[in-house]
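The sequence and the coordinates are shown below.

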Amino acid sequence: MNNGVTFKVNIDTYITMALQEDISWGDVSTEAICAEDEKASVELIAKADGVLCGLDVFARVFTLLEETSHFETSYKDGDQVKNGQLIGVVRGKVETLLSGERTALNYLQRMSGIATMTRQYSKILEPYKTVLLDTRKTTPNMRIFEKYAVRIGGGKNHRYNLSDGVMLKDNHIDACGGITAAVAKARDYAPFVRKIEVETENLDMVAEALEAGADIIMLDNMDNETMKKAVALIDGRAETECSGNVTEKRLREIGEIGVDYVSIGALTYGAPIMDLSMKHLTVEKES
């Protein structure tokens, strides 16, 4: 997942679905008051401090509705803005600007909120080797946007979906009768290029996962003291990931313990939106 071609070629389907959801059989408010070819401009304004993310998605909403519409801005994803700043101007037909407004803002506000929260968390971990990760706890049909926003904020992506890596969680382990059997079956089935991650909840499970040859050992819902002992036991023979009950206040402590990764579902399911607004719509005068 990156912010280049892979992202751009996958977004149109989702944006179109979002527009279909909002417009459905038409925008009766706009259709009632607008002349068909009337042109206008409208400003995009920040109403809170934060990290911008999703500017291309915001613009794409309007060009899908009207190919000749355009968004003028000097900002890029990842830029920090302050409350009250003018971010850019959208130009197009009045009906395009009014009908696309909410969908465009929904994407931009959501993605910017995630990027803002991720930037805040990643800065705490800067002095440490611990890498900040997201999870699969994403909004249905929003994963590509939300995981992109995590990267813009300074985090990294965990596996994108179930096809992207082997992770043996508690129910997988129960289904196989134990960690050793689960890892053996996964090793036999999965391509040799795939790493195998095992979720553990206590030191006995850590020891078994290590003995079974897990590549990554997740330390799930462990307190700091148990996590320290787990990292010492593993001693670099597998990569480590801390997950579960991770709050902003704990990040510094987790970094000091020295785990390789920390995954936080709240980056995508708990980030508040960044307040942004489209204001001052101006209808162009006919020459």
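Leaving aside its neighbours within four places in sequence, with which residues is Ser 41 in contact?

## Overall description

The model is predicted. Its protein chain contains 12 helices and 12 strands, and the C-alpha trace spans about 80 × 35 × 25 Å along its principal axes. Of the 287 residues in the chain, 47% are buried.

Contacts between residues at least 6 apart in sequence include 71% that join residues at least 24 apart.

## The antiparallel sheet

Four strands form an open sheet with antiparallel pairing, in the order E3-E5-E1-E12. Strands E3 (70-73) and E12 (276-283) each have a single partner strand, so one side of each is left without a neighbour in the sheet. From one strand to the next, the twist averages 25°. Strand E3 is joined to E5 (residues 86-93) by 4 bridges, and the two run antiparallel. Within this pairing, His 70 has Arg 91 of E5 as its bridge partner. Helix H5 (residues 94-124) packs on the sheet and touches E1 (39-46), E5 and E12. The direction of H5 makes about 160° with that of E12.

Ser 41 belongs to strand E1. Beyond its neighbours within four places in sequence, Ser 41 is in contact with Val 89, Val 90, Arg 91, Leu 97, His 280, Leu 281 and Thr 282. Is Ser 41 buried or exposed? Its relative accessibility is 13%, and since buried means under 20% relative accessible area, Ser 41 counts as buried. His 280, one of the contacts of Ser 41, lies in strand E12. In contrast to the buried Ser 41, His 280 is exposed, with a relative accessible area of 53%. His 280 also has a positive phi of about 60°, although it is not a glycine.

## The parallel sheet

A second open sheet has 6 strands in the order E6-E11-E10-E9-E8-E7, with parallel pairing. Strand E6 (131-133) and strand E7 are at the edges, and each pairs on one side only. On average, neighbouring strands of this sheet are turned by 25° against each other, direction ignored.

Strands E8 (residues 196-200) and E9 pair in the parallel sense over 4 bridges, and Thr 200 stands opposite Leu 219 in E9. Helix H9 (residues 203-212) packs on the sheet, where it touches E8 and E9, and its direction makes about 165° with that of E8. Strand E9 (residues 216-220) also pairs with E10 in the parallel sense, over 5 bridges. In that pairing, Asp 220 has Ser 243 of E10 as its bridge partner. Strand E10 (residues 239-243) is mostly covered, with 4 of its 5 residues buried.

Where does Asp 235 lie? Asp 235 is in the loop between helix H10 (224-234) and strand E10. With 61% relative accessibility, Asp 235 counts as exposed. Although Asp 235 is not a glycine, its phi is positive, at about 50°.

Lys 169 occupies the loop between strand E7 (166-168) and helix H7 (170-176). Its relative accessible area of 29% makes Lys 169 partly exposed. Lys 169 and Glu 199 are separated by 30 residues in sequence, while their C-alpha atoms are 5.0 Å apart in space.

## Gln 80 in strand E4

Gln 80 is placed in strand E4 (residues 80-81).

Apart from its neighbours within four places in sequence, Gln 80 is in contact with Gly 50, Val 51 and Arg 119. Gln 80 and Gly 153 are 73 residues apart in sequence, with a C-alpha to C-alpha distance of 10 Å.

Definitions and conventions
Residues are numbered from 1 along each chain as its sequence is written. This is a predicted model: local features need pLDDT of at least 70, side-chain atom pairs count only at pLDDT 80 or more; totals for chains, interfaces and linings use all residues. Side-chain values use heavy atoms; hydrogens and water are left out. Two strands pair if DSSP finds at least two bridges between them. Axes are lines fitted to C-alpha atoms, for helices over the stretch in contact, and angles run from 0 to 180 degrees between N-to-C directions. Contact means heavy atoms within 4.5 Å. Buried means under 20% relative accessible area, exposed over 50%, partly exposed in between (1.4 Å probe, protein chains only).
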